[in-house]
Structures are given as structure tokens and as C-alpha cells.
Amino acid sequence: MNLFGISFDLSEILSAVVPVLARILLLVIAFLIIVPIGKKIIEKTLQNAAKNQKNSPGRMKTLEKLLVNIFSYVMIFILIVMLFATLGVKIGPLLAGAGVVGLAIAFGAQGLVSDIVTGFFILLERQIEIDDYVTTAGYDGIVEEIGLRTTKIRSFDGTLNFVPNRYIEGVANHSRGNMRALVDISINYEYNIDQAIAVLEEVCAEFQSDERFKDGPNAIGVQSFGSSDIVLRVVGQTENGLQWACERDMRKAIKEAFDNNGIELSLPHQVIFQKNND
């Protein structure tokens with residue numbers, strides 16, 4: 001075959017290219033098969049380990065996500081190396097050059113290094129785990145994933161926040177241990193405080209048989225005096241994550257009990273005194 005004055009032997013080209021393309025295709029197919037299988041093995045292994053150990057479900061989910069990510073990165077690296085080897089590219093000089101380039105990049109990517117180091121200590125110290133309700137880095141929500149570089153926090157309005165690990169400082173983890181259900185009720189000064197507290201105690205007695213409560217609830221009495229109201233407080237310890245539902249149910253029950261006993265909740269109002277010179 002002659003093209004632009006240059007002769008080509010098509011059969012030789014095909015005999016040289018086809019085997020290489022075939023090996024590349026086999027490598028890609030093997031990658032697409034091995035990666036899902038490896039992920040399934042990791043998931044099954046951790047699920048079996050969770051049954052035999054006392055680790056929390058959130059801890060096992062965190063380890064599963066991390067190991068799957070590391071496995072994927074390693075397999076991608078192996079695929080790239082094998083593709084270079086298939087194409088006849090020497091890996092040694094490339095790795096040496098990559099080391100020099102990586103060192104140069106490291107000085108310019110200190111934030112990335114800080115993310116990875118911080119992510120490692122977050123996992124090691126178990127500061128947060130998947131499904132934990134946390135407040136950190138200006139975000140408030142549920143942890144969905146902890147990676148080596150970023151952590152995903154889902155806000156209660158549905159927003160998914162990708163937070164670089166280096167910004168995760170001063171973590172407030174609301175998912176460790178029991179939580180407090182707190183309800184403040186305001187009544188007018190004209191009502192009898194002892195009667196109102198007695199009604200609150202009756203409502204609390206009904207909720208003390210609720211399995212969601214680990215302690216209480218109890219009417220602790222007068223919390224504060226406002227400009228036009230008296231604030232009464234009810235407090236109880238609930239299972240983690242159930243405090244909001246318990247507070248809503250208690251508010252409803254207290255309102256109904258106050259209505260039945262003729263006690264009105266306080267509304268903002270002002271008393272005006274007008275001076276008559278006559």
C-alpha cells in the first residue's frame with residue numbers, strides 16, 4: 001500500500017496492532033468485572049464481621065465506603081500500569097518522573113495533603129461515622145460518607161454538602177448517647193402556677209410509659225419570668241434521634257390538657273396606661 005509516497009504493509013500493521021488492541025480490550029473487560037466483584041466481597045466481608053463484633057452500624061458503613069474507595073483507586077492504578085505495559089511503555093522511568101512531579105505538586109497542594117491526613121485521623125479517632133447527626137465546619141446534618149479527601153453531610157433541607165476534611169474542626173456529634181427532649185410552655189401571670197405544674201405532671205406521667213423515653217419526662221417547674229408570661233419547663237431523656245418527635249407529641253398533649261383545665265397559653269400582648277389630667 002502506497003500513501004503520499006510512503007509504502008505501508010497493511011498486513012504487518014494489522015498483525016502488530018490487533019493483538020495490542022485485543023489485550024487492551026481484555027484488560028478493560030477484566031477491570032469492569034473485577035471491580036464490582038471486589039466491592040461485593042468487601043461489603044459481604046464487613047457485613048459478616050459486623051455480625052460477630054460489637055461495632056456500630058455507622059462504623060461498619062464508614063469502613064465499607066472507605067475500603068471500596070481505596071480498592072477502586074488501586075484497581076484504576078493497576079489498570080493504567082498494565083495498559084502502559086501493553087503498549088510497550090517502560091514503567092520505571094515514568095514512576096521516577098511521577099515521583100518528582102508528585103513531590104512538586106505536594107508543595108502546591110498542601111490542602112489536599114491536609115485533607116487526607118485529617119480524614120485519616122477522623123476515621124482513626126471515630127469522631128464521626130456514617131448516619132451520625134453532627135454540627136461542624138458551619139454545617140448541620142447527617143453524615144452520608146467519609147472519604148480520604150471530603151466528607152458528605154446532608155442538611156435537613158436536603159442539601160448535600162461536600163466538606164473538605166481539613167475544615168472539620170470542633171465536631172459536635174449529636175448521635176452519641178441519649179438526647180434531651182425539652183419543652184418550654186408559657187402561661188399568663190393570671191393563672192395559678194401550682195395548677196399548671198400539676199397539669200404538666202399528669203401529662204408527663206402519661207409519657208413516662210412511652211418506650212422512646214429513657215428517663216422522665218418530668219415537669220421541673222418555673223424556668224423564667226417574661227414580660228407578659230411565665231415559662232414552665234418539661235425535660236426528658238429519649239433515644240437518640242427521637243427527641244424531636246417526642247417534643248412535638250408533648251406539646252400537643254400539653255395544649256390539649258391545658259384546654260381541658262381552662263389554662264390558656266400566653267400570647268404576646270402589651271398593657272398601656274393612659275394618664276388623664278382631669
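Which side chain makes a polar contact with the side chain of Asn 173? It is that of Asp 132, at 3.0 Å, a polar contact being a pair of N or O atoms within 3.5 Å in which, within protein, one atom must be able to donate a hydrogen and the other to accept it, and residues adjacent in sequence count only if both atoms are side-chain atoms. The views below show a predicted model, in which local features need pLDDT of at least 70 and side-chain atom pairs count only at pLDDT 80 or more, whereas totals for chains, interfaces and linings use all residues. Residues are numbered from 1 along each chain as its sequence is written, and side-chain values use heavy atoms, with hydrogens and water left out.

View 1. Asn 173 belongs to strand S7 (residues 172–173); strands (E, at least two residues) and helices (H or I, at least four) are DSSP runs numbered from the N terminus. Besides the pairing with Asp 132, a polar atom of the Asn 173 side chain lies 3.0 Å from the backbone oxygen of Gln 127. With neighbours within four places in sequence left aside, Asn 173 is in contact (heavy atoms within 4.5 Å) with Gln 127, Ile 128, Asp 132, Tyr 133 and Val 134.

View 2. Between S8 and strand S10 (residues 230–238) the antiparallel pairing extends over 9 bridges, and Asp 184 stands opposite Arg 233 in S10.

View 3. Ala 196, Ile 197, Val 199, Leu 200, Val 203, Cys 204 and Phe 207 of H5 are buried, with buried meaning under 20% relative accessible area, exposed over 50% and partly exposed in between (1.4 Å probe, protein chains only). Seen down the axis of H5, its buried residues fall within an arc of 155 degrees, so they line one face of the helix; the arc is that of the directions from the helix axis to the C-beta atoms. The cover over these buried residues includes S8, S9, S10 and H6, whereas Asp 194, Glu 202 and Glu 206 are exposed on the other side of H5. At the start of H5, a side-chain oxygen of Asn 192 reaches to within 2.9 Å of the backbone nitrogen of Asp 194.

View 4. Glu 247 lies in helix H6 and, at 13% relative accessibility, counts as buried. Residues up to four places away in sequence not being counted, Glu 247 touches Arg 180, Ala 181, Leu 182 and Val 183. Gly 241, in the loop between S10 and H6, is partly exposed, with a relative accessible area of 37%. Gly 241 and Ser 175 are 66 residues apart in sequence and 7.3 Å apart in space, C-alpha to C-alpha.

Methods: Pairing = 2+ DSSP bridges.
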